[in-house]
Amino acid sequence: MKAAFLDRDGVINRDVGYIHRCEDFQFIPGIFESCQQLQAADYRLFVVTNQGGIAKGLYTQRQMQALHEWMEEQLLRRGIRIEKVYHCPHHPDGIVPDLAGPCECRKPKPGMILTARSEFGVDLRNSLLVGNRESDIEAGIAGGVGITVLVDEESSAPVTKASIVVRSVLELSGRIDELALERDRP
């Protein structure tokens, strides 16, 4: 099985800081089309998201879970199925004792990706990761993901380790067919 690992904030929804309520969640233009095209290309969709606001005491696991259930429902209404949402509730500066400090799941570490591989049998070499930060790209590379895509709306020439850079999620939807070619390059 090949997977498309999608970061949440900045890829699926606008990143306006510690989103945890449905009424604050704004889907990014082009995300529905991109997800539909990824599914049509036989990618199974996973969300991998750092949610350090939980460790910082800004919202709870329960609030985050409710938001993710709502997000998945909105996507499913458009024919988009998320296999699983993986989240990291930890943060080095957290105030919640069990969640403060380092962990193996917070990007740029690949813990969430490796867990998906174990749970679902994901073929990482034939998979891709889409993120809007270098820590997303680093997690994909560390996890052995074949293609990493950086969504960078602001920089015309970002310094990145990503395989591909796109200016928007909408641009990504126009380049899905190109991804397999990128993966097969030496």
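Helices (H or I, at least four residues) and strands (E, at least two) are DSSP runs, numbered from the N terminus. With that in hand, let's look around this predicted model, where local features need pLDDT of at least 70, side-chain atom pairs count only at pLDDT 80 or more, and totals for chains, interfaces and linings use all residues. Residues are numbered from 1 along each chain as its sequence is written, and side-chain values use heavy atoms, with hydrogens and water left out.

- Most residues other than glycine have a negative phi, and most peptide bonds are trans.
- Asp42 sits in the loop between helix 1 and strand 2, and its phi is positive, about 70°, although Asp42 is not a glycine.
- Asp42 is exposed, with a relative accessible area of 59% (buried means under 20% relative accessible area, exposed over 50%, partly exposed in between, with a 1.4 Å probe and protein chains only).
- Tyr18 also isn't a glycine, yet has a positive phi of about 50°; look for Tyr18 in the loop between strand 1 and helix 1, where it is partly exposed at 38%.
- Lys107 and Pro108 are joined by a cis peptide bond, with omega about 25°, and Pro108 is in the loop between strand 3 and helix 3 (111–120).

**Aromatic rings**

- Rings of Phe, Tyr and Trp (its six-membered ring) pair if their centres lie within 6.5 Å; planes under 30 degrees apart count as stacked, over 60 as edge-to-face and the rest as tilted.
- By this rule there are 7 aromatic pairs.
- Phe27 and Trp70 are stacked, because their ring centres are 6.1 Å apart and their planes are at 25°.
- That pair links distant parts of the chain, 43 residues apart: Phe27 is in the loop between strand 1 (2–6) and helix 1 (31–40), and Trp70 is in helix 2 (residues 61–76).
- Trp70 is partly exposed, at 24% relative accessible area.
- Phe46 and Tyr86 are stacked too, with centres 6.3 Å apart and planes at 25°.
- Phe46 belongs to strand 2 (residues 43–50) and Tyr86 to strand 3 (residues 82–88), 40 residues apart.
- Phe46 is buried at 0%, and Tyr86 counts as buried at 6%.
- Ring pairs tie Phe5, Phe46, Tyr86 and Phe120 into a cluster.

**Charges over rings**

- A charge sits over a ring if NZ of Lys or CZ of Arg is within 6 Å of the ring centre and within 35 degrees of the ring normal.
- Lys2 lies over the face of Tyr43, 4.3 Å from the ring centre.
- Arg78 does this with Phe32, at 4.1 Å from the ring centre.

**A buried threonine**

- Thr148 lies in strand 5 (residues 147–151) and is buried, with a relative accessible area of 2%.
- Not counting residues up to four places away in sequence, Thr148 touches Leu129, Ile137, Gly140, Ile141, Lys161, Ala162, Ser163 and Ile164 (contact means heavy atoms within 4.5 Å).
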